Amino acid sequence: MSLTLEQVRRVAQLARIDISDAEADTALGELNGIFSLIEAMQAADTAGVAPMAHALDIAQRLRDDRVSESDQRAAFQAVAPETADGLYLVPKVIE
Amino acid sequence: MIERSLKSLAQGLAKGEFSSVELTQAYLERIARHNPEINAFITVDPDKSLAQAKAADLRRARGEAGPLLGIPLAQKDIFCAQGWRTTCGSRMLENFVSPYDATVIERFDAAGAVNLGKTNMDEFAMGSSNETSYFGAVKNPWDPARVPGGSSGGSAAAVAARLAPAATGTDTGGSIRQPAALCGLTGLKPTYGVVSRWGMIAFASSLDQAGPMARSAEDCALLLNAMAGFDTRDSTSVERPAEDYTRLLAADAPAKPLAGLKIGLPREFFGEAERAGCDAAVMARVDEAIAAYRALGAETVEVSLPAMQLSVPAYYVIAPAEASSNLSRFDGVRYGHRAPEYSDLDDMYSKTRAQGFGAEVKRRILIGTYVLSHGYYDAYYRQAQRIRRLIADDFARAFKECDVIMGPTSPGTAFRIGEKAADPVQMYLSDIYTIAVNLAGLPGMSVPCGLANGLPTGLQLIGNYFGEARLLDVAHRYQRATDWHLQRPTALAD
């Protein structure tokens, strides 16, 4: 299979990556090259094979429901692009 | 001093031959002299390093001891280190100063090791040549026109150029083993879950694993002792008793130290037709290494890993899928780059990510987003996970016949900077021998096994789950009988 320019633009939009027409053109060629490599998978007979999501067969650990961390809001917000009064600032989303 | 092993440096420190401050200073001077050419480090902060060295000297003066107390180490810039700029090789994190320590950093701090600086890497660890770094390509100290491999290329180049005695790396598809092979080092990717991933910037979480890069298996074992261990903050950290990874590295050297060891040689590496996939000179060095192992008493058996031929396609579905999810956190809100101009929130996200990520990272996010999107999930992601199972089953079958699997680490020696940069598929195929190990979650090593046309080659050793100590011993025995791991680039000697 091969992707279309429209699909590349759509995927870039889903991934929230601004893409110019020239970049989309380049990406189309590259992605099709990569997908021709990936297509080799389709020839494998995997009927009845259980998908393996993870290398280790371990169950999620649970922890006690109690406070274990100290408040580090100031330190963590010091690296944010824009904050005020302990809040992260973003462009207005609700009119 | 710069040729001494970690053990020998520790002895020097213990005997008072030199202080940690003096040792650290010596390496910082080498970095100042040679890093402008090699570009192995993104961030060096002599004041911070020397303060740590001073603290280590003080701890020793108070009677403390330890194999890494006062030893300077280079840290891959994927590990968050408090107060250090931590970029992951990306413009997205160009000015990010971490407010906390990764578990690996914390554990080295506790052991008294000194952070010499943060090493260059492919952006978000996506690459096999270090050319995708926002901070510029790293040069291979064996030939500055060539790549050091990737993604832990800065760490590899730093150790090969003797700008650090050892370093950390991370390996998602070969990112410790391939640069180790291309720079003539010993590198170990542990079993998935052995080293905590907490504070290690995520690429593909079901594959990522940190490990040591050094000049010998013995040095790697010492580093792994500090790095490995259960950590509640990483939900995939394996809860098992602490191990001394040096315990099998016995000093005795009987005539046939590896008698009884069964080495599996996969048909997919060593078959008559399959050999053509590897550079002939590299294959010749690997054959010689296998012969050396036979001389040490090991026997070889043929094994087969038929699904391995699908490891690269499966990996380039699974790793980008996980990456597209992991990297969605970089949105210009909580940390990292934010576009200077935008209209609304969506526009801010899209411009921030377009500016902050480089071409390879974007490519992988697009692949990942596509394979996870509605209508394609079963054909790609699900199929890749099924192939992953077949690959893991192949290894399980093979390990019934042998103790360790061997083969080449990389299909060629270090390639020229720019040679593969324009062709992602060619670049992806440079990890053809290493990727299956990550998909299965097994431990893998690369050990120097001689030069081909003046460039280092690597022998890959693959062990069974949690077989690190045995793997390190198998590598160590070879290194006691050969001196390939002691070869160093002739440049940068001053």
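User: Which residues in the largest nonpolar core touch the most other members?

Analyst: In soluble globular proteins, nonpolar side chains tend to be buried together. This model is predicted. Its largest nonpolar core holds 172 residues, and those that touch the most other members are Leu73(B), Ala158(B), Val159(B), Ala164(B), Val317(B) and Leu461(B). Helix H10 of chain B, residues 311–326, supplies the largest share of this core, nine residues.

User: What is Val159(B) in contact with, leaving aside its neighbours within four places in sequence?

Analyst: The contacts of Val159(B) are Ala164(B), Ala166(B), Ala167(B), Leu185(B), Met213(B), Ala214(B) and Arg215(B).

User: How do I read the packing of helix H7 of chain B and helix H16 of chain B?

Analyst: Two packed helices are described by the angle between their axes and the distance between the axes. Here H7(B), residues 217–227, and H16(B), residues 468–481, pack at about 155°, and their axes are 8 Å apart. Because of that angle, H7(B) is roughly antiparallel to H16(B). On the H7(B) side the residues that meet H16(B) are Ala217(B), Glu218(B), Cys220(B), Ala221(B) and Leu224(B). They face Glu468(B), Leu472(B), Ala475(B), His476(B) and Gln479(B) in H16(B). By class, this contact has six nonpolar, two polar and two charged residues.

User: Which strands are joined by bridges to strand E11 of chain B?

Analyst: Strand E9 of chain B, residues 404–408, is joined to E11(B) by four bridges, and the two run antiparallel. In this pairing Gly407(B) stands opposite Gln460(B). Strand E10 of chain B, residues 444–452, is joined to E11(B) by seven bridges, also antiparallel. There Val447(B) has Leu459(B) as its bridge partner. E10(B) and E11(B) form a hairpin with two residues between them, and Asn453(B) in the turn has a positive phi of about 50°. E11(B) itself, residues 455–462, is mostly covered, with eight of its eight residues buried.

User: Is Ala298(B) buried or exposed?

Analyst: Ala298(B) counts as buried because it has 24 C-beta neighbours inside 10 Å, and the cut-off for buried is 20 or more. Ala298(B) is placed in the loop between helix H9 (280–295) and strand E8 (299–303) of chain B. Not counting residues up to four places away in sequence, Ala298(B) touches Leu258(B), Leu261(B), Ile263(B) and Tyr293(B).

User: How many residues of chain A are in contact with chain B?

Analyst: On chain A, 41 residues are in contact with 55 residues of chain B. H2(A) gives the most to the chain A side, with seven residues. By class, that side has 31 nonpolar, five polar and five charged residues.

How values were computed: Residues are numbered from 1 along each chain as its sequence is written. Chains are lettered from A and ligands numbered from 1 in the order in which they are written. This is a predicted model: local features need pLDDT of at least 70, side-chain atom pairs count only at pLDDT 80 or more; totals for chains, interfaces and linings use all residues. Two residues are in contact if their C-beta atoms, placed from the backbone, lie within 7 Å. Ala, Val, Leu, Ile, Met, Phe, Trp, Tyr, Cys and Pro count as nonpolar, Asp, Glu, Lys and Arg as charged, and the others, Gly among them, as polar. Axes are lines fitted to C-alpha atoms, for helices over the stretch in contact, and angles run from 0 to 180 degrees between N-to-C directions. Angles under 35 degrees count as roughly parallel, over 145 as roughly antiparallel, 65 to 115 as roughly perpendicular and the rest as oblique. A nonpolar core is a set of buried Ala, Val, Leu, Ile, Met, Phe, Trp, Tyr and Cys residues joined through C-beta atoms within 7 Å. A residue is buried if 20 or more other C-beta atoms lie within 10 Å of its own, exposed if 12 or fewer, and partly exposed in between; C-beta atoms are placed from the backbone. Two strands pair if DSSP finds at least two bridges between them.
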